[in-house]
Amino acid sequence: MRRFSMMMWGTSLPCQCITLCLCISLGISMTAPAEAADIRYNLSTHFVDPKQSYYIDLLRLAMEKSRDQYGDYRLLPVEMDMPQGRTIKLVEQGKLDVVWTMTSISREQQLRAVYFPLLKGLMGHRIAIIRKEDELRFANITTIEQLQAIPVGQGIGWPDSDILQRQGFTLVRGAAHNLLNMLEKRRFDYFLRALHEPWDEIADKASLVVDNHFVIVYPAPLYFFVAPDNLALAQRIEYGLRAALNDGSFDELFYHHAITEGMLGRAKLTDRRVFHLDNPFMSQTSKNLLSEPELWFD
């Protein structure tokens with residue numbers, strides 16, 4: 001929310017006094033410049049997710065693209081490790097100003113969504129991290145029913161977990177920072193990640209590999225969310241994102257950011273079997289965005 005304060009005019013500066021008196025005598029209103037808008041977001045410092053840099057850079061891009069229309073801003077990181085559900089609650093309470101997360105009907109009811117898919121729906125293109133010893137097992141998967149029968153790991157509180165469970169998958173939930181260890185310890189047999197995620201995550205895990213044989217696809221927009229009563233910030237962020245989309249700077253960031261660049265070459269989508277799923281947790285407003293192809297990854 002924008003904050004405003006009046007600037008004090010120094011009585012020891014005659015030119016300012018003269019200007020002020022002249023404006024008063026002429027009936028001219030003098031409004032002090034507005035202070036910069038403070039935008040507080042959570043920054044993880046212990047269980048550091050390198051992907052958070054993309055969303056911070058994108059938030060900064062949106063604020064820059066809206067500066068002429070809405071004024072100056074300050075991005076203020078709040079350094080604290082917390083689960084996603086806790087971050088969402090703090091935004092709802094006004095203790096943080098913005099969070100980025102995959103959407104669902106319940107999240108759009110709890111917070112105010114900025115209806116612009118930050119990853120072009122990429123979070124719904126899922127490939128698997130598996131144990132190296134299981135490569136042949138997954139190479140022989142030909143049907144969605146086979147995948148549904150194999151235990152899959154996903155995070156507690158992730159909308160993806162609800163989607164997969166509703167679609168009949170054998171789901172094992174765990175804390176996000178424990179999921180790779182759980183896979184190594186055979187608590188489940190594969191861990192679904194978005195196209196840009198898995199390689200860096202297993203760089204130091206010699207026993208794990210990225211499967212090359214299938215991709216699961218479902219509509220999964222990830223939005224910025226703000227407090228329910230913070231309409232002004234939601235409008236500003238959407239204005240900035242739309243401006244960035246129109247001038248090409250959004251796609252430039254999306255395709256060339258450190259966390260996404262090269263992902264298509266590594267993923268080799270044309271060599272994979274594609275399994276399509278529905279997302280029963282999308283609101284009608286989110287579904288309406290599917291008619292804007294420029295917003296989505298093809």
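**Close-up 1. Surroundings of Ser161 in the predicted model.** Leaving aside neighbours within four places in sequence, Ser161 is in contact (heavy atoms within 4.5 Å) with Gln154, Gly155, Leu171 and Arg173. Ser161 is located in helix 8, residues 159-166; helices (H or I, at least four residues) and strands (E, at least two) are DSSP runs, numbered from the N terminus. Ser161 has a relative accessibility of 0% and therefore counts as buried, a term that means under 20% relative accessible area, with exposed over 50% and partly exposed in between (1.4 Å probe, protein chains only). Residues are numbered from 1 along each chain as its sequence is written, and side-chain values use heavy atoms, with hydrogens and water left out. The model is predicted: local features need pLDDT of at least 70, side-chain atom pairs count only at pLDDT 80 or more, and totals for chains, interfaces and linings use all residues.

**Close-up 2. Surroundings of Gln154.** Gln154 belongs to strand 6, residues 152-155. With a relative accessibility of 0%, Gln154 counts as buried. Beyond its neighbours within four places in sequence, Gln154 is in contact with Arg126, Asp160, Ser161, Leu164, Leu171, Val172, Arg173, Gly174, Leu179, Phe191 and Leu192.

**Close-up 3. Helix 2 and its residue Leu59.** Helix 2 has 14 residues and spans 20 Å from its first C-alpha to its last, close to the expected 20 Å (1.5 Å times one less than the number of residues). Its buried residues are Gln52, Tyr54, Tyr55, Ile56, Leu58, Leu59, Leu61, Ala62 and Met63. Leu59, a residue of helix 2, is buried with a relative accessible area of 0%. Leu59 and Tyr41 are 18 residues apart in sequence, and their C-alpha atoms are 9.9 Å apart in space.

**Close-up 4. Packing of helix 2 with helix 11.** Helix 2 (residues 52-65) and helix 11 (residues 231-247) pack at an angle of about 90°, with their axes 7 Å apart; axes are lines fitted to C-alpha atoms, for helices over the stretch in contact, and angles run from 0 to 180 degrees between N-to-C directions. Helix 2 is therefore roughly perpendicular to helix 11, the term for angles of 65 to 115 degrees. Helix 2 contributes Leu58, Leu59, Leu61, Ala62, Met63 and Lys65 to the contact, and helix 11 contributes Arg236, Ile237, Tyr239, Gly240, Leu241, Ala243, Ala244 and Asp247. By class, this contact has ten nonpolar, one polar and three charged residues; Ala, Val, Leu, Ile, Met, Phe, Trp, Tyr, Cys and Pro count as nonpolar, Asp, Glu, Lys and Arg as charged, and the others, Gly among them, as polar.

Conventions:
Angles under 35 degrees count as roughly parallel, over 145 as roughly antiparallel, 65 to 115 as roughly perpendicular and the rest as oblique.
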